[in-house]
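Let's take a friendly walk through the aromatic side chains of this model and what surrounds them.

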Amino acid sequence: QVQLVESGGGLVQAGGSLRLSCAASGRTVSTYRMGWFRQAPGKEREFVASIRWSVAGTWYADPVKGRFTISKDNAKNTVSLQMNSLKPEDTAVYYCAAQNYGSSPGTYDYWGQGTQVTVSS
(Lines give C-alpha, C1' and ligand atoms only; values in the text may rest on other atoms or scores of the structure.)
Protein backbone atom coordinates (compact mmCIF):
# COMPACT_ATOMS: atom_id res chain seq x y z
CA GLN A 1 0.00 0.00 0.00
CA VAL A 2 1.17 3.48 -0.89
CA GLN A 3 -0.41 6.70 0.29
CA LEU A 4 0.01 9.87 -1.72
CA VAL A 5 -0.72 13.39 -0.54
CA GLU A 6 -0.48 16.37 -2.89
CA SER A 7 0.06 19.95 -1.85
CA GLY A 8 0.90 23.29 -3.42
CA GLY A 9 -2.15 23.97 -5.54
CA GLY A 10 -3.74 27.38 -5.65
CA LEU A 11 -4.60 30.41 -7.73
CA VAL A 12 -1.99 32.05 -9.92
CA GLN A 13 -2.01 34.57 -12.75
CA ALA A 14 -1.11 33.59 -16.30
CA GLY A 15 2.63 33.59 -16.76
CA GLY A 16 3.23 32.80 -13.12
CA SER A 17 4.68 29.74 -11.44
CA LEU A 18 3.52 27.12 -9.00
CA ARG A 19 5.21 24.12 -7.43
CA LEU A 20 3.24 21.00 -6.56
CA SER A 21 4.55 18.38 -4.17
CA CYS A 22 3.52 14.79 -3.58
CA ALA A 23 4.48 13.03 -0.37
CA ALA A 24 4.52 9.24 -0.58
CA SER A 25 4.37 6.83 2.33
CA GLY A 26 3.96 3.11 2.78
CA ARG A 27 5.49 0.45 0.53
CA THR A 28 7.38 2.76 -1.80
CA VAL A 29 9.99 0.05 -2.36
CA SER A 30 7.59 -1.41 -4.94
CA THR A 31 7.26 1.85 -6.88
CA TYR A 32 8.41 1.77 -10.50
CA ARG A 33 7.22 5.15 -11.72
CA MET A 34 5.58 8.28 -10.34
CA GLY A 35 3.37 10.47 -12.43
CA TRP A 36 1.32 13.63 -12.50
CA PHE A 37 -2.08 13.79 -14.18
CA ARG A 38 -4.67 16.51 -14.47
CA GLN A 39 -8.36 16.80 -15.21
CA ALA A 40 -9.97 20.02 -16.35
CA PRO A 41 -13.71 20.68 -16.09
CA GLY A 42 -15.58 18.76 -18.78
CA LYS A 43 -12.41 17.02 -19.94
CA GLU A 44 -10.93 13.56 -19.58
CA ARG A 45 -8.01 12.97 -17.28
CA GLU A 46 -4.73 13.50 -19.09
CA PHE A 47 -1.12 12.59 -18.48
CA VAL A 48 1.22 15.43 -17.58
CA ALA A 49 4.61 14.03 -16.60
CA SER A 50 6.28 10.96 -15.12
CA ILE A 51 9.58 9.98 -13.56
CA ARG A 52 11.22 6.65 -12.86
CA TRP A 53 11.48 6.23 -9.12
CA SER A 54 14.74 4.28 -8.72
CA VAL A 55 16.63 5.20 -11.88
CA ALA A 56 16.91 8.17 -14.22
CA GLY A 57 14.16 8.87 -16.70
CA THR A 58 11.45 11.47 -17.26
CA TRP A 59 8.70 12.06 -19.79
CA TYR A 60 6.43 15.01 -20.48
CA ALA A 61 3.23 15.53 -22.38
CA ASP A 62 3.63 17.90 -25.32
CA PRO A 63 1.51 20.76 -23.89
CA VAL A 64 3.81 21.14 -20.88
CA LYS A 65 7.22 20.50 -22.42
CA GLY A 66 9.63 23.31 -21.68
CA ARG A 67 7.37 24.73 -18.97
CA PHE A 68 6.95 21.96 -16.38
CA THR A 69 9.68 20.00 -14.62
CA ILE A 70 9.15 16.81 -12.64
CA SER A 71 11.67 15.91 -9.97
CA LYS A 72 12.08 13.54 -7.07
CA ASP A 73 13.74 13.26 -3.69
CA ASN A 74 13.97 9.57 -2.91
CA ALA A 75 15.30 10.16 0.61
CA LYS A 76 12.19 12.19 1.43
CA ASN A 77 9.82 10.08 -0.69
CA THR A 78 8.57 13.12 -2.52
CA VAL A 79 7.86 14.01 -6.13
CA SER A 80 7.47 17.58 -7.28
CA LEU A 81 6.11 19.34 -10.33
CA GLN A 82 7.52 22.78 -11.00
CA MET A 83 5.12 24.64 -13.27
CA ASN A 84 6.35 27.78 -15.00
CA SER A 85 4.80 30.08 -17.60
CA LEU A 86 1.37 28.90 -16.57
CA LYS A 87 -1.54 29.33 -18.95
CA PRO A 88 -5.30 29.37 -18.30
CA GLU A 89 -5.41 26.04 -20.16
CA ASP A 90 -3.40 24.53 -17.30
CA THR A 91 -6.33 25.00 -14.93
CA ALA A 92 -7.28 21.58 -13.59
CA VAL A 93 -7.23 19.28 -10.63
CA TYR A 94 -3.76 17.77 -10.51
CA TYR A 95 -3.25 14.23 -9.24
CA CYS A 96 -0.12 12.40 -8.15
CA ALA A 97 0.00 8.69 -8.98
CA ALA A 98 2.32 5.73 -8.38
CA GLN A 99 2.89 2.69 -10.59
CA ASN A 100 4.12 -0.58 -9.11
CA TYR A 101 6.69 -2.91 -10.58
CA GLY A 102 4.84 -5.48 -12.66
CA SER A 103 1.84 -3.30 -13.43
CA SER A 104 0.59 -3.09 -17.00
CA PRO A 105 1.95 -0.20 -19.08
CA GLY A 106 -0.04 2.94 -18.43
CA THR A 107 -1.64 1.52 -15.28
CA TYR A 108 -1.13 3.40 -12.03
CA ASP A 109 -1.96 1.68 -8.77
CA TYR A 110 -2.23 4.51 -6.26
CA TRP A 111 -3.61 8.01 -6.50
CA GLY A 112 -3.61 11.10 -4.35
CA GLN A 113 -6.67 13.15 -3.53
CA GLY A 114 -5.84 15.86 -6.02
CA THR A 115 -5.04 19.54 -5.69
CA GLN A 116 -6.71 22.39 -7.55
CA VAL A 117 -4.64 24.62 -9.81
CA THR A 118 -6.38 27.68 -11.20
CA VAL A 119 -4.65 30.01 -13.66
CA SER A 120 -6.38 33.32 -14.20
CA SER A 121 -6.11 35.39 -17.37
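## Rings, charges and a hairpin

In this predicted model, Arg-45 places its charged end over the ring of Phe-37, 5.1 Å from the ring's centre. A lysine does something for a tryptophan, too: Lys-65 lies over the face of Trp-59, at 5.9 Å from the ring centre. Here are the two contacts side by side:

| Charged residue | Ring | Distance to ring centre |
|---|---|---|
| Arg-45 | Phe-37 | 5.1 Å |
| Lys-65 | Trp-59 | 5.9 Å |

Phe-37 and Trp-59 also belong to one aromatic cluster, together with Phe-47, Tyr-108 and Trp-111.

How many aromatic pairs does the structure hold? There are 6 aromatic pairs. One of them joins Tyr-32 and Tyr-101: the ring centres are 5.2 Å apart and the planes meet at 70 degrees, so this pair counts as edge-to-face. The pair links distant parts of the chain, with Tyr-32 in strand β4 (residues 31-39) and Tyr-101 in the loop between β9 (92-100) and β10 (110-111), 69 residues apart. Tyr-32 is partly exposed, at a relative accessible area of 26%, and Tyr-101 is partly exposed as well, at 45%.

Now for the strand pairing. Strands β7 (residues 68-73) and β8 (residues 78-83) run antiparallel and are joined by 6 bridges. Within this pairing, Thr-69 stands opposite Gln-82 in β8. The two strands, β7 and β8, form a hairpin with 4 residues between them. In its turn, Asn-77 has a positive phi of about 55 degrees.

Notes: Residues are numbered from 1 along each chain as its sequence is written. This is a predicted model: local features need pLDDT of at least 70, side-chain atom pairs count only at pLDDT 80 or more; totals for chains, interfaces and linings use all residues. Side-chain values use heavy atoms; hydrogens and water are left out. Rings of Phe, Tyr and Trp (its six-membered ring) pair if their centres lie within 6.5 Å; planes under 30 degrees apart count as stacked, over 60 as edge-to-face and the rest as tilted. Buried means under 20% relative accessible area, exposed over 50%, partly exposed in between (1.4 Å probe, protein chains only). A charge sits over a ring if NZ of Lys or CZ of Arg is within 6 Å of the ring centre and within 35 degrees of the ring normal. Two strands pair if DSSP finds at least two bridges between them.
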